[in-house]
Amino acid sequence: MSAEQSKNDLLLLTVEQMARADSDAVRAGVPAVDLMAAAGKAVADAVQERWSPRPVLVLCGPGNNGGDGFVIARHLQQAGWPIRLAFLGNQAKLSAEAQYFYQAWQGDIADFSVSLLEQTELVIDAIFGAGLARPLEGIALEMITAMAERKTAICAVDVPSGLHGSTGQALGMVAPAELTVTFFRKKPGHLLFPGRGLCGELVVADIGIPASVLDEIEVNVWQNHPALWQQNYPWPRLDGHKFHRGHALIFGGETLTGASRLTARGAMRVGAGLVSLAVPSKVWPIYANALTGAMVSKLELGQETEDFEELLLDPRRNAIAVGPGAGLVAFESVRTRKIALAALVTERATVLDADALSAFASDPQVLFDAIAGPCVLTPHEGEFARLFPRINETANGVMQDKLTRARLAAKQSGAVVVLKGADTLIAAPDGRAMINTNAPAELATGGSGDVLTGFIVGLLAQGVEAFDAAAMAVWLHGAVAADFGAGLIAEDLPDHLPKILNAFIQQQALAREVR
Ligand SMILES: NC(=O)C1=CN([C@@H]2O[C@H](COP(=O)(O)OP(=O)(O)OC[C@H]3O[C@@H](n4cnc5c(N)ncnc54)[C@H](O)[C@@H]3O)[C@@H](O)[C@H]2O)[C@@H](O)CC1
Ligand SMILES: [K+]
């Protein structure tokens with residue numbers, strides 16, 4: 001598969017973009033009835049691959065998601081499965097293609113009723129898909145609630161009904177599926193929590209929509225994956241010199257000295273040529289004793305910012321990280337702000353994390369105004385709320401989804417925003433975004449964010465563009481944790497990184513041989 005092709009496969013379409021892809025395919029000559037036939041066949045195949053014949057209830061909603069349901073029911077019935085089918089809606093209002101498959105269905109059609117769930121071992125959820133427009137109510141809500149309570153196995157068509165495909169948020173109630181079969185491309189809602197947890201296994205089926213329809217649709221959200229950035233990865237060169245691989249400068253505080261040391265170790269492991277820490281003179285011995293391989297500079301009491309600025313006079317210190325372990329006591333926050341602003345004014349690549357984000361909580365605009373060069377902000381939800389309170393405002397008690405919030409924050413701040421969580425978002429000010437999906441639960445451990453900052457600043461030092469550096473770092477962080485498995489502590493993240501990088505190098509060498 002070519003790099004362009006795999007990039008194309010990683011695109012995520014909103015429900016509106018998917019509808020556009022669908023209608024553009026029809027305009028390009030693919031009959032709508034063929035798309036529905038292919039969609040239904042793909043679901044029936046996936047079901048037969050995973051389950052043996054058993055009593056199935058197919059729940060068909062009022063739109064084309066329901067249309068797919070009629071196709072699925074027919075295939076499973078022809079394969080000898082015991083099928084019951086219920087329809088919620090008005091036959092006269094079905095689209096031409098859904099009408100066609102409604103009429104082709106040979107069995108009985110029941111009205112929706114919770115009692116149908118008795119003696120059902122597998123539910124095909126074809127109630128609502130991309131057309132979900134408002135919160136569930138009435139019998140649909142009752143049915144989905146009963147499905148969730150009974151824990152009957154569910155195969156969802158396109159999305160579990162009630163889940164919004166663009167946002168990953170539930171509109172009312174969603175019964176978690178074991179399998180979700182979607183069509184053409186994934187949607188953000190399949191990857192963003194809570195959606196990701198509700199889809200179960202996710203299968204993307206090719207239903208005959210030509211990839212060329214994407215040329216006309218402006219898509220700039222992807223599932224984060226090496227195919228998107230591996231050509232830009234700064235592999236060491238044989239003729240390289242340590243200065244070609246940059247010099248990361250990291251500020252270290254005086255209370256939690258471990259945090260910035262983890263950052264430094266992350267930056268070293270990810271390949272920065274040189275890494276140095278600048279720390280208050282009082283705690284200099286602690287750092288100097290603990291670190292081999294990184295240089296430690298003293299910031300004298302009362303003139304820390306001036307000393308930091310002096311270090312920045314050397315243009316080879318080309319990437320800066322401030323925040324891990326910087327401290328939250330008032331005098332520390334004042335100092336952190338000054339140091340962060342001193343870094344930003346140089347317009348060198350800068351990562352601001354943790355306490356450096358909280359330090360600007362009272363007047364975030366000061367920070368945003370200072371961002372002129374490449375900059376990455378790495379808030380978790382708490383820090384995000386402090387820095388972007390307006391973006392987190394709720395309407396009718398509901399906050400905007402994580403993808404939208406991260407993109408707004410990137411636009412507002414002028415920085416690449418890494419909004420951390422189980423579904424970390426990476427968003428650039430120009431609207432590009434990636435959803436990361438490879439992070440295991442083990443990553444939720446103290447200090448893991450400090451290492452992530454180290455990976456980012458280490459990649460920035462090597463000249464990687466900010467959005468790519470953030471995407472690479474977040475993916476590597478997840479890959480290392482997933483490979484390490486249970487028992488992971490933050491220290492393991494830098495130290496286990498070489499295994500992942502070496503596997504990468506081998507894969508690339510293999511790909512070159514094949515070519
Ligand atoms: N490429 C594509 O886009 C294809 C889409 N197909 C299927 O078509 C689906 C989209 O079809 P539609 O756009 O018809 O949408 P849906 O089938 O998801 O539902 C739309 C209908 O549900 C109603 N509705 C929405 N929210 C409701 C609520 N909360 N309570 C009650 N009624 C509600 C709407 O008024 C409309 O009648 C996809 O999810 C997929 O399953 C496939 O047939 C094949 C191709
Ligand atoms: K559905």
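Student: How many residues surround ligand 1, and which are the closest?

Tutor: This is a predicted model, in which local features need pLDDT of at least 70, side-chain atom pairs count only at pLDDT 80 or more, and totals for chains, interfaces and linings use all residues. Residues are numbered from 1 along each chain as its sequence is written, while chains are lettered from A and ligands numbered from 1 in the order in which they are written. A residue is near a molecule if its C-beta atom, placed from the backbone, lies within 6 Å of it. Here 30 residues surround ligand 1, and the closest are Gly 63, Asn 64, Asn 65, Gly 129 and Gly 131.

Student: Which helix gives the most to the shell around ligand 1?

Tutor: Helices (H or I, at least four residues) and strands (E, at least two) are DSSP runs, numbered from the N terminus. Helix α4 gives the most, with five residues. At least two residues of the shell come from each of α2 (15-27), α3 (32-50) and α4 (64-78).

Student: What is the make-up of that shell by class?

Tutor: Ala, Val, Leu, Ile, Met, Phe, Trp, Tyr, Cys and Pro count as nonpolar, Asp, Glu, Lys and Arg as charged, and the others, Gly among them, as polar. The shell around ligand 1 has 18 nonpolar, eight polar and four charged residues.

Student: At what angle do the axes of α4 and α5 cross?

Tutor: Axes are lines fitted to C-alpha atoms, for helices over the stretch in contact, and angles run from 0 to 180 degrees between N-to-C directions. The axes of α4 and α5 (residues 96-104) cross at roughly 30° and come within 8 Å. The two helices are therefore roughly parallel to each other (angles under 35 degrees count as such).

Student: Is strand β1 buried or exposed?

Tutor: A residue is buried if 20 or more other C-beta atoms lie within 10 Å of its own, exposed if 12 or fewer, and partly exposed in between. Five of the five residues of β1 (residues 56-60) are buried, so the strand is largely enclosed by the rest of the structure. In a regular strand the side chains alternate between the two faces of the sheet. In β1, Val 56, Val 58 and Cys 60 point one way, and Leu 57 and Leu 59 the other way.

Student: In which sense do β1 and β2 pair?

Tutor: Strands of a sheet pair through backbone hydrogen bonds, either parallel or antiparallel. Two strands pair if DSSP finds at least two bridges between them. β1 and β2 (residues 83-87) pair in the parallel sense over five bridges, with Leu 57 opposite Arg 84.

Student: In what order do the ten strands of the open sheet run?

Tutor: The order is β8-β17-β16-β15-β14-β13-β12-β9-β10-β11, and the pairing is mixed. At the edges are β8 (221-223) and β11 (295-299), each of which pairs on one side only. The twist averages 20° from one strand to the next.

Student: Which strands join β14, and in what sense?

Tutor: β13 (residues 349-353) runs parallel to β14 and is joined to it by four bridges; Val 351 has Val 376 as its bridge partner. β14 also pairs with β15 (residues 416-419) in the parallel sense, over two bridges. Both faces of β14 (residues 375-378) are covered, with Cys 375 and Leu 377 buried on one side and Val 376 and Thr 378 on the other. In contrast, β16 (residues 425-427) and β17 (residues 433-435) pair in the antiparallel sense over three bridges.

How values were computed
Angles under 35 degrees count as roughly parallel, over 145 as roughly antiparallel, 65 to 115 as roughly perpendicular and the rest as oblique.
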